[in-house]
Amino acid sequence: MVNKKLLAIVRFYVCTLVGVMLLGHSAYANEAFEKEQIASILTLGDSDNTEALKRLMAVKEQQSAATPVQIRLQTLEVLVSLYYDAGKIKSSEATINELLALATAEKDVEGIGIANIMAAYKLIEDGKPQEALNKLNLIDSSLQPDASAELKMRLDSALGTASYVLGNFDSSLRYFLEALKLTDELPERKVENRIRRLDSIAKLYINMKDPEKALATVDEALEISPLARAPKILASLSLSQGIAYANLNQDAKAVEAYKRALKIAREAGMATFEVICLIDISDHYLTTNEYKKAEEFARLSLKRAEALGDKGSIDIAKINLGFSLAGQGRIASGVELVNGVIHDFLQSGRKTDAESVIGELANMYEKAGMYKEALATLRQQQSLSNELFSADRSKAVAGLQEQFNAKQRQKQIELLGKENALKDADIRNHSLQQVITMLGAMVTVMVGIFIYLLYRRVQRINQQLREANSQLEFHAIRDPLTGLYNRRSFVELMKTRSVQLEADRREEREGNPDCLILLDIDHFKHINDTLGHAAGDAVLIQVAQRLRKVVRDTDMVLRWGGEEFLVYSPKSNPSQIAGLVDRVLQSVGGTSIVAGDHEVQVTMTAGFISLPFSDISELKLDWEKALQIADMALYLGKANGRNRGYGIAKIMVDSESALPFLEEDLAAAVSSGMVELIEVVGPAKLDLPVSK
Ligand SMILES: Nc1nc2c(ncn2[C@@H]2O[C@H](COP(=O)(O)OP(=O)(O)OP(=O)(O)O)[C@@H](O)[C@H]2O)c(=O)[nH]1
């Protein structure tokens, strides 16, 4: 619920402000009695606030302008606390003013400090925590080097409280711990003050959502000294325990602790504290949805607060009562109560509190299923929230904003620095990336070039290979000297020819036979021997050229070996073969051939035969046997004077009986009349000079 925890903690601090400076300020020899008297009243206040207040008021009545200033100041300081705890808030505030006036008049620096710290607490209670903080910071900056430990401790406690209210828990804890440390330097009431500082820290832990740590801190405070059993302190510690347990959802323990605090507060005459306890108890029951009990304690707290005239507590009690009624279904009367407080808050400018209560109201509507009202209330809260941030709050937080802005600027500078560093890194990365990209590109280009060169090289090698292959191929089927087909290629040709023949036979496409003319240069050895081997080669080349020229395109000229040539003339009319042989002999020997320095007549002797021969099947007389017969005919030509051709014209007997003779001894066959030869005489002898 609204600000009740805050209320509790603020009031707690005000309660603990007093009574610590009594003995430390003694400067007058005759004031010992008064000091002793005030000290005993202060101790009495720990357990019986009402009696202590009564006695101190009596002491003050007897004081006059003649009373030492320190005694009067100390009386006022203790009085502020006793008034406050007794719920006499207005008297307490008036006493603060009186204290400040006296200290100022007497130029008592410590007194002025204490009065201002108390005034800062009032500002916090009035909802002006930033103003309070500013005031406290001012005190802090003007603090004398010889300022007492008490003053410093109170200042740190107040700074911790203001920081807490402003939501700066870390800084709050830092101040509270500093205050705790300063208790060691106190000349009097060291233990009591230490316990109270621990209690402050416990309450802070609760608000820092660490209730376990809060409970541990309370335990630490309770263990310090039996003095911790002093009712006023014990009540405050019990309240802290109650809130911590409530936060841990240990409801039974929470209620027990609250009620213990309530009992002690009642017994010690701490009316203000009693109201705080009652409010906390009703608040607790609201959170556990025990609305009947919440109503009971809300009514009780309202009654007590009204009796004290404590406006702050009255408002909170009304709010709790309103919500407890609404929780029991009496929404109209509950809302009326709550709205009344909201109205008051708004009237007195407590917009932050109003906004908080409106938020609670919206929750209540939602819980009750009154969504339309919940929405309207939420909108009201929203608009107020906006207003707060845009107007009053912006003023209140102006100082903070300045600090915040400075921090933000610092942060921005740091961020800019970081951003620049990042940009630098980015630029470096970018440059690096460019280098990498460039290197990558270079590598790619180089690899590309390398691959291209490799490709070219491979292409070149392939080309060379192709050329080599074609050369190999060429040389495989061609004679390297003359360029004519060689004997091997003819063998290959004959293989395909037999396949072709078989096809032709099946299709009865048998026509003219082929013709084989075997040729041998006459006395070639002599040419070699007389003109030289090169001249012999030249002769071979020119003979080849002449042979190529004289035959048909479909005819094939081969170098059969050494100085031997073969003309293969497919599908040749047998009647025309002699003419072909004649042309061949004439082409070679009809004109001279230049061989080196010499011009020579090169004649040839030929043996020729048809394939198939006569009516003999190639199965019986194949190309090899036919060539053998042609070779025998050529031999006959050589024997009969060279420069001529012999061919077998016809068989005079049946081919079957002639065949063995043809294969074995052609000359005998001829002389026996089994076969008839055709003779083609070569060219006439040329009239050539012996040498050029
Ligand atoms: N220059 C040259 N001579 C070759 C080549 N092949 C073979 N010969 C020579 O040709 C000659 C052939 O001689 P022979 O077989 O005795 O025949 P011939 O001298 O022609 O006599 P006949 O054939 O009886 O007229 C040999 O001396 C071989 O060395 C060649 O490629 N180049």
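**Notebook: a predicted protein–ligand model**

I began with the contact pattern of the protein, and among contacts between residues at least 6 apart in sequence, 66% join residues at least 24 apart. I note at the outset that this is a predicted model, so the confidence values were the next thing I looked up, since where pLDDT is low the predicted coordinates should not be read in detail.

**Entry 1: confidence**

The average pLDDT of the protein is 82, and 83% of the residues score at least 70. Residues 1-29 have a pLDDT below 50, although this stretch makes 98 contacts in the model beyond its near neighbours in sequence. For residues 396-413 the pLDDT is also below 50, and there I found five contacts beyond near neighbours in sequence. For the complex, the predictor reports an ipTM of 0.95 alongside a pTM of 0.49.

**Entry 2: the protein as a whole**

I counted through the secondary structure and have 28 helices and nine strands in the protein. Of its 692 residues, 47% count as buried. The accessible surface comes to about 34400 Å², and carbon and sulfur atoms account for 54% of that area.

**Entry 3: the ligand site**

Which residues come nearest to the ligand? The shell holds 16 residues, and from these I wrote down His523, Lys525, Asn528, Asp537 and Arg559 as the nearest. Sorting the shell by class, I have eight charged, five polar and three nonpolar residues.

I then asked where the shell comes from in the fold, and found that strand S2 (514-521), helix H23 (524-531) and helix H24 (533-550) each supply at least two of its residues. Helix H24 gives the largest share, with four residues.

Next I went through individual polar atoms around the ligand. A backbone N or O atom of Ile521 lies 3.1 Å from a ligand oxygen atom, and a polar backbone atom of Phe524 is 2.9 Å from an oxygen atom of the ligand. Asp537 takes part through its side chain, with a polar atom placed 2.8 Å from a nitrogen atom of the ligand. On its own the ligand has 660 Å² of accessible area, and the protein covers 67% of this.

**Entry 4: backbone geometry**

The peptide bond that joins Leu611 and Pro612 is cis, with omega about -5°. Pro612 sits in the loop between strand S7 (604-611) and helix H26 (623-639).

Lys571, a residue other than glycine, has a positive phi near 50°, and I located Lys571 in the loop between strand S4 (564-569) and helix H25 (574-589).

I placed Arg642 in the loop between H26 and strand S8 (644-651), and with a relative accessible area of 28% Arg642 is partly exposed.

**Entry 5: Phe613**

I stayed with the loop between S7 and H26, where Phe613 is also found. Phe613 counts as buried because its relative accessible area is 3%, and buried means under 20%. Leaving aside neighbours within four places in sequence, I list Leu621, Ile648, Ile651 and Leu662 as the contacts of Phe613. Phe613 and Cys515 are 98 residues apart along the chain, and their C-alpha atoms are separated by 9.2 Å.

**Entry 6: two helix residues**

Ile276 belongs to helix H14 (residues 271-287) and is buried, at 4% relative accessibility. Between the C-alpha atoms of Ile276 and Leu262, which are 14 residues apart along the chain, I noted a separation of 8.5 Å.

Arg72 lies in helix H4 (residues 69-85). Which residues is Arg72 in contact with, leaving aside its neighbours within four places in sequence? I found Gln63, Ser64, Ala65, Thr67 and Leu102. I also looked up the pair Arg72 and Glu34, which are 38 residues apart in sequence and 9.5 Å apart from C-alpha to C-alpha.

How values were computed:
Residues are numbered from 1 along each chain as its sequence is written. This is a predicted model: local features need pLDDT of at least 70, side-chain atom pairs count only at pLDDT 80 or more; totals for chains, interfaces and linings use all residues. Side-chain values use heavy atoms; hydrogens and water are left out. pLDDT is the predictor's confidence in each residue, from 0 to 100. Contact means heavy atoms within 4.5 Å. A residue is near a molecule or strand if one of its heavy atoms lies within 4 Å of it. A polar contact is a pair of N or O atoms within 3.5 Å; within protein, one must be able to donate a hydrogen and the other to accept it, and residues adjacent in sequence count only if both atoms are side-chain atoms. Accessible areas come from the Shrake-Rupley method with a 1.4 Å probe; for residues, only the protein chains shown count as cover. Ala, Val, Leu, Ile, Met, Phe, Trp, Tyr, Cys and Pro count as nonpolar, Asp, Glu, Lys and Arg as charged, and the others, Gly among them, as polar. Buried means under 20% relative accessible area, exposed over 50%, partly exposed in between (1.4 Å probe, protein chains only).
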